[in-house]
Amino acid sequence: MLIEYKNANIYQDDKLILENVNFKADKGEFIYLIGKVGSGKSSLLKTIYCELDIDKGDAEKAEVLGVSLLPIKRSKVPSLRKQMGIIFQDFQLLHDRTVKKNLMFVLKATGWKSKSEINDRINEVLSQVGMLDKMDKKPHELSGGEQQRIAIARAILNKPTIIIADEPTGNLDPETADYIVQLLQDICKTGTAVIMSTHNVNLLEKFPGIIYKCKDGAVSNITEEFYDMESFENIDFGIEEEEEKEG
């Protein structure tokens, strides 16, 4: 198991956000995390890449890639994160440099030395996301969907075991959102686990996966309920109300 939490408590600024979390992810699994803003989705994701600590408390287990987070020594965090790719809603690209130099920055920062190997890997990931012809563009010259594809290319540079995508389609139109999720599912088929938070129920229908819902301080697996059409209409996804307020 790549990720396994048993009865873990997650806090944000001393406030209990999620209690008794039971969550797991394994190779090649595509996992959705749904719920309202403030329900704990991002907090759960942040614990995986050690941006937030997990309270030891009564937790039986909180383990990522064979490393216990109860607690984790800070010296172990960089090596753990090197095995992950993280994708954000706002892309977080460096706007003062080209696409190629954005990717080169990451590779050099993670220990790549050979110029030819760096160039080959950049060409490889840009081809994978269909952006090879945008190599010399700067982020502001790209559309939102194109920037997100570059963010995905950046996330897969070091062939991660886990990809964490926090609302990666939140700022994109429906067609582009579909493309991004299809791209992530294609990466998942290579054995990488993908954990993606979203508000878009349509994506869950078009691109099936394992579904966890954050609500009222708890995390529950609702996969069977969601894909059981007889009970589908009775599921409270904790999403629609929020979208109405935001609209």
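Which are the buried residues of helix 4? They are I118, R121, I122, V125 and L126, where buried means under 20% relative accessible area, exposed over 50%, and partly exposed in between (1.4 Å probe, protein chains only).

## Basis of the report

This is a predicted model, in which local features need pLDDT of at least 70 and side-chain atom pairs count only at pLDDT 80 or more, while totals for chains, interfaces and linings use all residues. Residues are numbered from 1 along each chain as its sequence is written, and side-chain values use heavy atoms, with hydrogens and water left out.

## Helix 4

Helices (H or I, at least four residues) and strands (E, at least two) are DSSP runs, numbered from the N terminus. Helix 4 covers residues 115-128, and its 14 residues should span 20 Å at 1.5 Å a residue; the expected span is 1.5 Å times one less than the number of residues. The end C-alpha atoms are 20 Å apart, which agrees.

Viewed down the axis of helix 4, the buried residues fall within an arc of 125 degrees, so they line one face of the helix. The arc is that of the directions from the helix axis to the C-beta atoms. Helix 3 (99-109) and helix 5 (144-155) are among the parts that cover these buried residues, contact being heavy atoms within 4.5 Å. After helix 4 comes G130, with a positive phi near 70 degrees.

## Salt bridges

Side chains of opposite charge can pair when their charged atoms come close. A salt bridge is counted when a side-chain nitrogen of Lys or Arg lies within 4 Å of a carboxyl oxygen of Asp or Glu. The whole structure holds nine salt bridges. One of them joins K6 and E4, whose closest N and O atoms are 3.8 Å apart. K6 is partly exposed at 33% relative accessibility, whereas E4 is buried at 18%. E4, K6 and K61 are linked in a network of salt bridges.

R81 and E51 also form a salt bridge, at 3.6 Å from N to O. R81 lies in helix 2 (residues 77-81) and E51 in the loop between helix 1 (41-48) and strand 4 (54-55), so the pair ties together parts that are 30 residues apart in sequence. R81 is partly exposed at 31% relative accessible area, and E51 is partly exposed at 48%.

In a further salt bridge, the closest N and O atoms of E146 and K134 are 3.7 Å apart. E146 belongs to helix 5 and K134 to the loop between helix 4 and helix 5, so this pair connects parts that are 12 residues apart in sequence. E146 is buried, with a relative accessible area of 15%, while K134 is partly exposed, with 22%.

## Cavity and pocket

Rolling a probe the size of a water molecule over the atoms shows where empty space is left. On a 1 Å grid over the protein atoms alone, a cavity is a set of points where a 1.4 Å probe fits but cannot get out, and a pocket is an open set with protein on both sides within 12 Å along at least five of seven lines; lining residues have an atom within 4 Å of a point. By this rule there is one cavity of 30 Å³ or more. The largest cavity has a volume of about 30 Å³, and its lining consists of T47, C50, L52, D53, I54, L69 and I72.

The largest pocket holds about 570 Å³ of space. Of the 19 residues that line the largest pocket, R81, M84, I86, V106 and R154 lie nearest its centre. Helix 2, strand 7 (84-88), helix 3 and helix 5 each supply at least two residues of this lining.

Conventions:
Points joined across faces, edges and corners; volume = space filled by probe spheres on them.
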